[in-house]
Amino acid sequence: MAGGNFTEKGKEYPGKMTVFVFLACLVASSGGLIFGYDIGISGGVTSMDPFLLKFFPSVYAKEQEVVETNQYCKFDSTLLTLFTSSLYLAALVASLFAGYITKSCGRRVSMLGGGVIFLAGAILNGLAQNVAMLIIGRIFLGIGVGFSNQSVPLYLSEMAPAKMRGMLNISFQLMITIGILAANLINYFTAKIPGGWGWRVGLGLAAVPAVIMVGGSIFLPDTPNSLVARGKPEKARVMLRRIRGTDDVDLEFDDLVAASDATEAIAKNPWSTLLQRRYRPQLAMALLIPTLQQLTGINVVMFYAPVLFKTIGFGGTASLMSAVITGLVNMIATFVSIATVDRLGRRKLLLQGGTQMILAQFVLGTLIAVKFGTSGVAEISRPYAIGVVFCICVFVSAFAWSWGPLGWLVPSEIFPLEIRSAAQSAVVVFNMTFTFAIAQVFLMLLCRLKFGLFYFFGAWEVVMTLFVYFFLPETKGIPIEEMDTIWGQHWYWKRFVDDGSSNKVEMTSTAV
């Protein structure tokens, strides 16, 4: 196969899934709630007339124009998009610092700090009196997202047994989808509050997932990997016994210590280490996977869903309900990934999901082209609107069981310990860079490219599906500290690592 599937001949550590690990991963994955809730709530409040009238009156005036107005350009506003995308710019910057804190203080401290800062942003947004307060609040939210997105996937991958790592790590994406759905439901009901202050409730309720994350982080244990790296081997051994449910942890513990010793020897500066030739495969994945994940167009669909539905002719309440429907599909489809990722593997889900997204995007673009053309002027019938929503649901479901969860899972499990924190920071940086860029230009591109915007994202989905087929090896079932071997067996990446035996870390134990 072109992707060079790994044959899973690595070590198999003793142990099992314990209730302790399940609960710890469940609590840690609540970090996804804050990210998902923000994605869902932003698009909802920016489609509410009282919110637009108070903070973005020019957009409100344009929205009230008659239907003969070009529908593609109704919401094109630099200030409005800055409100939405400022969070991602802040997350980008924060993730650079989060890598150092995660490495030196542990994953738990990084999650706790992110939750506290996100809580402050939620309070500011709920009480906002002007655009400046809104954007400052968004920046605080972004810092919290940067810290949680950097630390939570690492925490989940390090705590989970190798054979169940995919399922447990995807709980982060599941929490994102639950956050999106909860936000969409809140948008739908708060939009009906008399007096027009429902948007304050939606923005302020972001404090709820923040409190859950802060409360949970206080009681979470740190990972054995992090404890070893911070010079606490005995605590790490005790924790390893606890999370694996067995005293027979010498094999895995020795590998953790060996990896940590190698880290001390060669990784005084993990950022410069990441740039070395032998880490070229990991660097490429850290750059391309999060970048391509955003070029699916999913975030513009999810956090602009109410605006997008309103643009193509849905009423205000109908657009919010349509966003609820897509949010529900997003959450349910994530369970497909949880159920299959450790059986089918990462590549099969990515290839199938990519193909389905390509078809959905091109059909969706064609439906909008037929109805609105380039003028952007049309009335949309109920059956036609249902067809549009169905296409969006097909697209969202494909993303939710492929690039959504696996865009976080694969990077978090492929990095060796010596570059893990820095590389995960790079993942978040590239993810947030492109989320920010696409959020900032989406409404402008919709105005200028019109229905062609959907073809634009469809073309990128062709690129990313080919990328998976040719360049992404299978990582299913491989212990996280053994992951280096897959690159030496890959038809392309082996030129950078010479062969599968050229690991930096000399493991002390014998493979099973």
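Colleague: Which residues in α15 meet α23, and how do you know that they are in contact?

Modeller: On the α15 side they are Met285, Leu288, Ile289 and Leu292, and they meet Trp460, Met464, Phe467 and Phe471 in α23. Contact means heavy atoms within 4.5 Å. Sorted by class, that meeting place has eight nonpolar residues, no polar ones and no charged ones. The nonpolar set is Ala, Val, Leu, Ile, Met, Phe, Trp, Tyr, Cys and Pro; Asp, Glu, Lys and Arg are charged, and the others, Gly among them, are polar. Bear in mind that this is a predicted model, with pLDDT of at least 70 needed for local features and 80 or more for side-chain atom pairs, while totals for chains, interfaces and linings use all residues. Numbering starts from 1 along each chain as its sequence is written, and side-chain values use heavy atoms, leaving out hydrogens and water.

Colleague: At what angle do α15 and α23 pack?

Modeller: About 145°, with the axes 10 Å apart. Each axis is a line fitted to C-alpha atoms over the stretch in contact, and angles run from 0 to 180 degrees between N-to-C directions. The crossing of α15 and α23 is left-handed: the near helix is turned anticlockwise from the far one by less than a right angle, whereas clockwise would be right-handed.

Colleague: What makes α19 and α23 roughly parallel or roughly antiparallel to each other?

Modeller: Their axes cross at roughly 165° and come within 8 Å. Under 35 degrees is roughly parallel, over 145 roughly antiparallel, 65 to 115 roughly perpendicular and the rest oblique, so α19 and α23 count as roughly antiparallel. Their crossing is left-handed too. The contact of α19 with α23 has 15 nonpolar, seven polar and two charged residues.

Colleague: Why is asparagine 187 called buried?

Modeller: Buried means under 20% relative accessible area, exposed over 50%, and partly exposed in between, using a 1.4 Å probe and protein chains only. Asparagine 187 has 1%, so it is buried. It sits in helix α8, residues 165-190, and touches Gly40, Ile41, Gly44, Val45, Met48 and Leu320, leaving out residues up to four places away in sequence.

Colleague: What makes glycine 144 buried?

Modeller: Its relative accessible area is 0%. Glycine 144 is in helix α7, and its contacts beyond four places in sequence are Ile34, Gly114, Ile117 and Phe118.

Colleague: And valine 410, why is that buried?

Modeller: With a relative accessible area of 1%, valine 410 qualifies as buried.

Colleague: How many helices and strands does the protein chain have?

Modeller: There are 25 helices and zero strands. Helices are DSSP runs of H or I with at least four residues, strands runs of E with at least two, numbered from the N terminus. Of the 512 residues in the chain, 61% are buried.
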